[in-house]
Amino acid sequence: AANVDGIYHCCRAAVPYLVQQHSGTIINVSSIWGLCGASCEVHYSASKAAVIGLTKALAKEVGLSGIQVNCVAPGVIATEMNAHLSGADMQALAEDTPLGRLGTPEDISRVLLFLASEDADFITGQVLGVNGGFVI
């Protein structure tokens, strides 16, 4: 419900206002598991894949109204969501990442700020994987 319904309802509420002003930016957050799926995380992967599909379809629907819709798909980020993992598991994930480290919230926030900026004015319907190369 949070992963799909929440994003759907927020977009549905915002779009009429953005259409009225003929501009705007919507940035959804998915996950690398929405791109490739994860073993033992079928429900999570499916919900994050739905966010990607929603993003792409909405970008096509509202583009002529001057609205950009994009998605960020973070990889393994050092947050409380991963607190249940052991230090050894976190280290293994870092070692499996080509850049050799886990992501930080700041890594994600910089991409979100970029997508919200004028520097991204010609980007819509895209999914930016911010994962240090974990999924290529």
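A nonpolar core is a set of buried Ala, Val, Leu, Ile, Met, Phe, Trp, Tyr and Cys residues joined through side-chain atoms within 4.5 Å. Buried here means under 20% relative accessible area, exposed means over 50%, and partly exposed is what lies in between (1.4 Å probe, protein chains only). With that in hand, let us walk through the structure.

The model is predicted: local features need pLDDT of at least 70, side-chain atom pairs count only at pLDDT 80 or more, and totals for chains, interfaces and linings use all residues. Residues are numbered from 1 along each chain as its sequence is written, and side-chain values use heavy atoms, with hydrogens and water left out.

**Overall layout**

The protein has five helices and three strands, taken as DSSP runs (helices: H or I, at least four residues; strands: E, at least two) and numbered from the N terminus. Their order along the sequence is α-β-α-α-β-α-α-β. The radius of gyration is 16 Å, close to the 14 Å that the globule rule gives for 136 residues, so the protein is as compact as a globular protein of that length. That radius is taken over C-alpha atoms, and the rule is 2.2 Å times the number of residues to the power 0.38. The C-alpha trace spans about 50 × 30 × 25 Å along its principal axes. Of the 136 residues, 37% are buried.

**The cores**

The largest nonpolar core holds 14 residues, and C11, I26, L58, V62, I67 and V69 touch the most other members. Two or more residues come from each of α1 (5-21), α3 (42-62) and β2 (67-74), with α3 giving the most, six residues. I26 shows who meets whom: beyond its neighbours within four places in sequence, I26 is in contact (heavy atoms within 4.5 Å) with C11, V15, L18, L58, I67, Q68, V69 and N70. Apart from this core lies another, of seven residues, including I77, I108, V111 and L115.

**Around S31 and W33**

S31 sits in the loop between β1 (24-29) and α2 (32-36) and is buried, at 4% relative accessible area. Its side chain reaches the backbone nitrogen of W33 at 3.1 Å. Not counting residues up to four places away in sequence, S31 touches Y44, K48, V72, A73 and P74.

The ring centres of W33 and F134 are 6.0 Å apart and the planes stand at 80°, so the pair is edge-to-face. The cut-offs are centres within 6.5 Å for rings of Phe, Tyr and Trp (its six-membered ring), with planes under 30 degrees apart stacked, over 60 edge-to-face and the rest tilted. Because W33 lies in helix α2 and F134 in the segment after β3 (127-130), the pair ties together parts 101 residues apart in sequence. W33 is partly exposed at 23% relative accessibility, and F134 is partly exposed at 21%.

**Salt bridges**

A salt bridge is a side-chain nitrogen of Lys or Arg within 4 Å of a carboxyl oxygen of Asp or Glu. The count by this rule is two:

| Salt bridge | N to O distance |
|---|---|
| R101 and D107 | 2.9 Å |
| R110 and D107 | 2.6 Å |

Shared partners join R101, D107 and R110 into one network. R110 and D107 both lie in helix α5 (residues 105-116), three residues apart, about one turn of the helix. D107 is buried at 12% relative accessible area, whereas R101 is partly exposed at 41%.

Conventions: A polar contact is a pair of N or O atoms within 3.5 Å; within protein, one must be able to donate a hydrogen and the other to accept it, and residues adjacent in sequence count only if both atoms are side-chain atoms.
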